[in-house]
Structure formats: structure tokens, C-alpha cells
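Colleague: I am new to this model and would like to go through it slowly, starting at the surface and ending inside. Could we take one point at a time?

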Amino acid sequence: MQSISPVYSSATDRRYSPPWADLSIIGIAGSSGSGKTSVAMEIVKSLNLPWVVILVMDSFYKSLSPEDHARAHRNQYDFDCPESLDFDVLVQTLRDLKQGKKADIPIYSFAEHQRQPETSTLYSPRVLILEGILALHDPRIMELLDVKIFVEADMDVCLGRRIMRDVRERGRDVEGIVKQWFTYVKPSYKQYVEPQRAVSDIIIPRGIENRTAIEMVVQHIQRKLDEKSEKHNAELNRLGLIASEEQLSSNVLMMPQTPQFVGMNTILQDPATEQVDFVFYFDRLAALLIEKALDMTNYVSQAVDTPQSTSYDGLNQAGVVSAVAILRGGSCLETALKRTIPDCITGRVLIQTNEKNEEPELHYLKLPPNIENHENVMLLDPQMSSGGAALMAVRVMIDHGVQEDKIIFVTCAAGKIGLKRLTTVFPGIKVIVGRIEEEREPRWIEKRYFGC
């Protein structure tokens, strides 16, 4: 019986899901001073990966009223009961991260007993460690957790650690710390913290000293990360099969192959070309790509009075045009960018392919402020092969509020399947490409440009 190729038709079949959209959350609870933070930090240190992060529940303390603020400074406010934490905001934050969205994390000042006006942004972790005395308390959080850990230690040891921490890091006096311990911390432990022990998956006695338990958690996380990588690569391959059956999108604009353009490409392709000449001609070619990309941006009509006292009906940029370079290759295009748009606002995103499994990995992100309000955003990458990094970069832009139809991907060379995969998943983006090359051609442009 002859096999029939699968048919893909629905929009959901063409959706790209980045590896951080399937976030694993590990909850670590235990008494104040039990060593939760040390255990969490040891897990992160052992894994040594940029996408394993710690989220401390202390950031979600509620802002205090003037009366409660005064009580807190007198060590008369209970910070260890559930009512002191904003669980609603915490649950929504975890749900957003679980779905691959970015989240704004509150910043709480223990010296002032107040939540600060600024926040910190958290985006794209693959594993998140939620650490706090009540990490396993709220049923809504329990539903989101993949692993539940309880760290326990002798209460006298916990008191000693809390004194050292609060004096050194939070500017408290010993008398106030001891008073708060016996008035609030110890009773709350019996009522709220200790019951979490019964619902935990793993109990770690002695905290960081229990190397066996920590290693078991690390191995579990590593297995989950390996599974995520396999799933992500399978997803990229599936999208490649779908794209191979599609026609090249009309939103892909290949540069006119004029004698000048082909001549510059000939110089760049020649192995005998000296690096200084390579950089010169590449910058010239890249400037043409940037100029063509500007033709794809949005303009509005504008009339100006000329020095000859006549009116000229012209055009002006409809809004801010910014650019984000996909490192390290995207840096090759920045010289041409600055020559074409000297005041262009730029950002960086570092996406590297793992040599072991060929999976694109997001390592670093620094986007222009208010990028979601920019009229157009150019994504710069001199060479695109399979399109995996491009897919991830576009996903990052969209997750940060950039509309798909305002993204312009600029590349000097690209494989046809990579182009099809990118525009099949994101049909609204525009692509400016210098030439279409052989499939899976190794990246070489940035090596020639930078000389290493």
C-alpha cells in the first residue's frame, strides 16, 4: 500500500513554538533560613545554563499602607503569613511565563518595606525555580509546578542564618529580628510552612549539604531540557516539511541582479579577496540591502516649502524605524545601517546554534526601549540557512509587542527552504534577500568580515 504524505492546512499546523513556551517550574519551599536560596543557586550553578533562572517570592510582597509601614519598621508586621504576599500577581506572572510571554517582575525594598516603582523584565527561561517560604501554599501555583521541593533544617540553625542575613543585607537589628522570629516567623512556620512538606515531591534535609538530593534534582532538570530540545528540533523539521510544499512568498524580495550587484557578490565569493577589500565591498552591498528595506517601511505625505519658495509634496517616515542585529553575524550589517540611517536605534539578540543537536538557542536579548511602538523594525542577519534562528528572532520581536507586518528581515544570502519556512510561519513579515544560496550552506560571511 502506497503511503500518503501528510496534509497540513490549518493555521495551528504552521505555528512556531519556541522552547521557552513549554516552561518547567520548580517550587522550593521551606522555613526562613532553611537554605532554600542556597539550594536554588546550587541547582543553577550545577546546570550552568543561561535559561535556568530563580524567581524569589519576596519580590511579590504587597505594598504596605502607612500604618502597616510604621508597624513593619517596629518589627510588628507579619511578613510570613499568606496575606502579606500578592498571590494574584504572582500566579498571573507564572501563567504568562508558562505561555512563553515576557513578564514584569516587581522589585521590593526590604529596607523601605515598599514595592519600588520600577520592575525587572523576565523573558524566555526554559526552567524557572520559584523560591519562597510559601512556594507550595497556593493551589493555583501547585497546578503550574512540575517539581515540588521542601527544604528543611533545624529551627535554631534557621534563626541563626536569618539573623546573619537580615543584619548584613537588610539593615535590621538583632533584637528586632529575634522579636519578629518568635512573634510571627515560628508560629507561621507551624501553621503555613510545615504543612507544605506533605505535598512536596522531594524533601531535602540539611539544605545545600545534601549533595545527593540536589544532584537528583539537577539530573531531572537536565532530562527535561533534553526533551525540550528534541521536541523543538522536531517542530523545526515539521515546519520545514510544510514549507517545502509552499511557493516562495510574494513578501520575499530578492535584490535585482544588476551587473554591479553581481560583480560585488563575485568579489565577496572569491577566496582570493583580501579581508580589507571584502569589508569594503560587503559594506557597499549591505547598504543597498538597507536602502531596499527602507523602501518597504511606511511613509506619510509631507509638504515642505523649498528655498525657492515653492511647495514640494514629499514623503516622510511614518514613525521610528529601528533595527535589531542577530549576533554575531548581524553586526556585519551595522556599518551600512549607520551610513544609511545615522541615528537609527539598534538592539541585539544573540542566537547561536548548538553544535551537538543543531538547535538554535537564545542567549542574550537587549531590545530598543518602546520597540512595540516603532513603525518598522529591521532584523539584520547576513546569512540565513535553515531559518531556525530567524524564526526564533521574529518570535522574540512579536512577544515584545512588535506587529508581524512591521518586521523587515534583511539578509545577504538565504536558503530557499529557510525562506519558505520563515514566511510560512510568519506570512506578514517582509524579507529583503541579496541572493538565494544552496541549502544548509555553512555560515561564512561573518568569519570573512571579522577575520576570525
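Colleague: Is Leu 248 buried, exposed or partly exposed?

Modeller: The relative accessible area of Leu 248 is 32%. Buried means under 20%, exposed over 50% and partly exposed in between, with a 1.4 Å probe and protein chains only, so Leu 248 counts as partly exposed. This is a predicted model, in which local features need pLDDT of at least 70 and side-chain atom pairs count only at pLDDT 80 or more, while totals for chains, interfaces and linings use all residues. Residues are numbered from 1 along each chain as its sequence is written, side-chain values use heavy atoms, with hydrogens and water left out, and the answer for Leu 248 is partly exposed.

Colleague: Between which two elements does the loop with Leu 248 run?

Modeller: Helices (H or I, at least four residues) and strands (E, at least two) are DSSP runs, numbered from the N terminus. By that numbering, Leu 248 sits in the loop that joins helix H7 (211-244) to strand S8 (252-254).

Colleague: How many salt bridges does the structure hold?

Modeller: Another of these pairs is Glu 334 with Arg 348, at 2.8 Å from N to O, which ties helix H10 (residues 334-340) to strand S12. Glu 334 is buried at 15%, while Arg 348 is partly exposed at 27%. In the structure, the number of salt bridges is 17.

Colleague: What is the volume of the largest pocket?

Modeller: On a 1 Å grid over the protein atoms alone, a pocket is an open set of points with protein on both sides within 12 Å along at least five of seven lines, a cavity is a set where a 1.4 Å probe fits but cannot get out, and lining residues have an atom within 4 Å of a point. Thr 353, Glu 358, Ser 385, Ser 386 and Arg 443 are the closest to the centre of the largest pocket, out of 38 lining residues. Helix H7 gives the largest share of that lining, 5 residues. The space in the pocket, as filled by probe spheres set on the grid points, is about 1000 Å³.

Colleague: Which helix gives the largest share of the lining of the largest cavity?

Modeller: The largest cavity, with a volume of about 70 Å³, is lined by residues including Asn 265, Phe 282, Cys 412 and Arg 435. Arg 435, buried at 16%, also forms a salt bridge with Glu 437 at 3.5 Å. Two or more lining residues come from each of helix H8 (259-269), helix H9 (275-295) and strand S16 (407-415), and the largest share, 3 residues, comes from H8.

Colleague: Which element gives the most to the lining of the second largest cavity?

Modeller: The second largest cavity has a volume of about 40 Å³, and its lining includes Ser 24, Asp 146, His 220 and Lys 224. Strand S1 (24-30) is one of the elements that give two or more residues, but the most, 3 residues, comes from H7.

How values were computed
Salt bridge = Lys/Arg side-chain N within 4 Å of Asp/Glu carboxyl O.
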